[in-house]
Structures are given as structure tokens and as C-alpha cells.
Amino acid sequence: MKRIVLTGGGTAGHVTPNIALLPSLKEAGYEITYMGSYEGIEKKLISDFDIPYVGIATGKFRRYLDVKNLTDPFRVIKGYGEAKKFLREYQPDVVFSKGGFVSVPVVRAAAALKIPCIIHESDMTPGLANKLCIPVAKKVCCNFPETLQYLPEDKGIVTGSPIRSELSEGSKIAGLEMCGFTANKPVIMVIGGSLGAANVNKAVREALPKLLHDFQIVHLCGKDKMDNLLLNTPGYKQFEYVKTELKDLFAMADLVISRAGANAICEILALKKPNILIPLPAQVSRGDQLLNAKSFSDQGFSIVLQEDDITDDLLAQKVRELYENRDRYHEAMSQSGQLDSITTIMNLIKEA
């Protein structure tokens, strides 16, 4: 029995690509264990898959002043010791890391034990956690061709992000029934992220009078972000969050409006959905979404709008422009070399 340890956490985006690999790993005969923080989101997400979970101490790496910067290094050291103890006993053949601060003690401990590590960087430029892991990794998978310039020449490989296969198995009819929509009017799906995106939600809702004449809109607005005054608006359906039904909403959607988080846009690419990206502005992020969106725009996959520039008129104009040219965007995405990521990553795991 071959053994693999998966790690990654802190946000859903550091977990869902690992989940996407599970069917292929099981089919290939791997015994799988997941390592994450004691009570992080990764523990909750993995609990649905009947996989042993090992929790370790973790600390966040911050670029800003915070009193926790004094204590978290000790948590990381403790996590390193816990990870090393488990890995020495379990003796996996390989570690695959999707990043996030929880992955650092796992990858560094594995490397100290001569266990090969493959890591995945979602964003255009490596985050701090992955920067600490790259020196000891065997291979570094990435989503964007532009990322290769930041990686050692013998390690970087463009794989795209693993996407859950069930996302491509949705039912358009089920999506329409779920939302109470008609089949003879195109549908826009708005994705604000798991926590919602207040400014994107606001822009979409302000543009509803201009959009609903020609489109129906399903809006994933985030926890506690529903607008109760719009609950009975014909052609407009809100959800805080969906899980298994997401595949049906994607199958139904003709266009997508989304933030530019790496995993979200890789799902959009895999499903070849013409899209408008509204990246997080630089003042509230490290700027990775701006770079992600620019890459997708340069490759002909997306229209990009800056959050500070959005008006209801501009959003409505760009939606119509996207819909009129939807075949062009679909064709560009169909030509992408980032669509078979699971096969590519599985080959790297087997080689390691």
C-alpha cells in the first residue's frame, strides 16, 4: 500500500484542490492521511470523506504588527515536532501540500525525513508559506505560466488547479428548478466567495434593474449577506452558500461574475464559462487577485473590472459585451493547457 499525506488549510481554497485529488488517489491505491490544524476549516471540510485526520499546532505568518507574532513561532515549532513524530511513524511515500500556513511545519518536517514533497501554488506569485517550502520541495505546481519566473527552473511546472470532477456533472434543468428560472432566458451566476464580497454584492444589486430585463441572476452572496428586500424579485435568486448544488448552478449559468481567487477562476476555466472578474483591490490584499485576473484577461479568458471603477451602467455594459462575445471567450478557454491538472499532478506524485 502506497501512502500519501495531504496538507493545506486556513481557507477553503487550500483544501478543495486536495479534495479534488481524492478519487484519483484512491483509484491509484494510495492510503491517504490529512494533516492540518487542530480545529481549522480543513478539518471540517475533510470530515465528509472518511480519511484519517491528524491535527498539529500551527501559527500564522504575518507581514504586519500583531502581538501573536511573538507567540506563533513557538506554535510553528511545536507543530514541526508533532508533524515530524507522526511522519516518522507513518512513513508516507510522498507529501502533497496545497499551501497555507498549516503546511509549513508538515513540509519542512517531511523534507527533514527525506520524504519527497510536491507543493502547489495557486496564485501568480508564491505566498509566504510556500516561499518557506519551495527550497525543500521536489516539484512546485502552479496555475499560471507567469509564475514560473518566481520558481527554481528545475522545479516549476504549470499544472492548473485540481478541480472536483463532479462540478462538470451538473444538471441545467435541476439548476433552473432550484432557482425557479425559465429555460428561455440566459443566466448569470455571481460568486462572492465563501465569506461574500460586500462591494461585488452591492454592485450587482444596484445593476439589477438594468440586468433583469435580459438575464436571470443567481447570486451566491456569502453568509449573512442576503438582502431580504429582494427575496421576491422575479429572476433573481440569492443563496448564502451552496454545496452539492453548485454543479447544477454552474451547468445552468451562461456567464459568471466572480472575485479572482485562484481556485474560483480555475473552476471557471475548467468549465469554460465566459466571465467577468472583479479582483480584491491591493489595499485589502497582497495583490494576488489583481495579478490572477490580469493573466486571465491576457489569455483571453476574462473581462476584468476594478472594484473602485464599477457603476451599475458599467457592469451592465460589460455583461452585455461578454454575452455578445461569449463564443470567443469559450474558445480561448478551450485552448488552455491548464485543463488536465489532476492527471498531471498524479503523474508527478507517482514519479516522486
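In strand β7, Gly156 is the bridge partner of Val140. The strands β6 and β7 pair in the parallel sense, where pairing requires that DSSP finds at least two bridges between two strands. Strands (E, at least two residues) and helices (H or I, at least four) are DSSP runs numbered from the N terminus. The model is predicted, and local features need pLDDT of at least 70, side-chain atom pairs 80 or more, while totals for chains, interfaces and linings use all residues. Residues are numbered from 1 along each chain as its sequence is written, and side-chain values use heavy atoms, without hydrogens and water.

| Strand pair | Sense | Bridges |
|---|---|---|
| β5 (residues 117–121) and β6 (residues 139–142) | parallel | four |
| β6 and β7 (residues 156–158) | parallel | three |

Glu121 stands opposite Cys142 of β6. Between β5 and β6 the chain passes through helix α5 (residues 128–133) in a right-handed β-α-β crossover; right-handed here means that, with the strands pointing away from the viewer, the path from the first strand over the helix to the second runs clockwise.

Helices α7 (residues 198–211) and α11 (residues 312–324) pack at about 65 degrees with axes 8 Å apart. Axes are lines fitted to C-alpha atoms, for helices over the stretch in contact, and angles run from 0 to 180 degrees between N-to-C directions. The contact (heavy atoms within 4.5 Å) includes Ala203 and Leu211 of α7 and Leu315 and Val319 of α11.

Lys318 also lies in α11. Apart from neighbours within four places in sequence, Lys318 contacts Ile276, Ile303 and Leu305.
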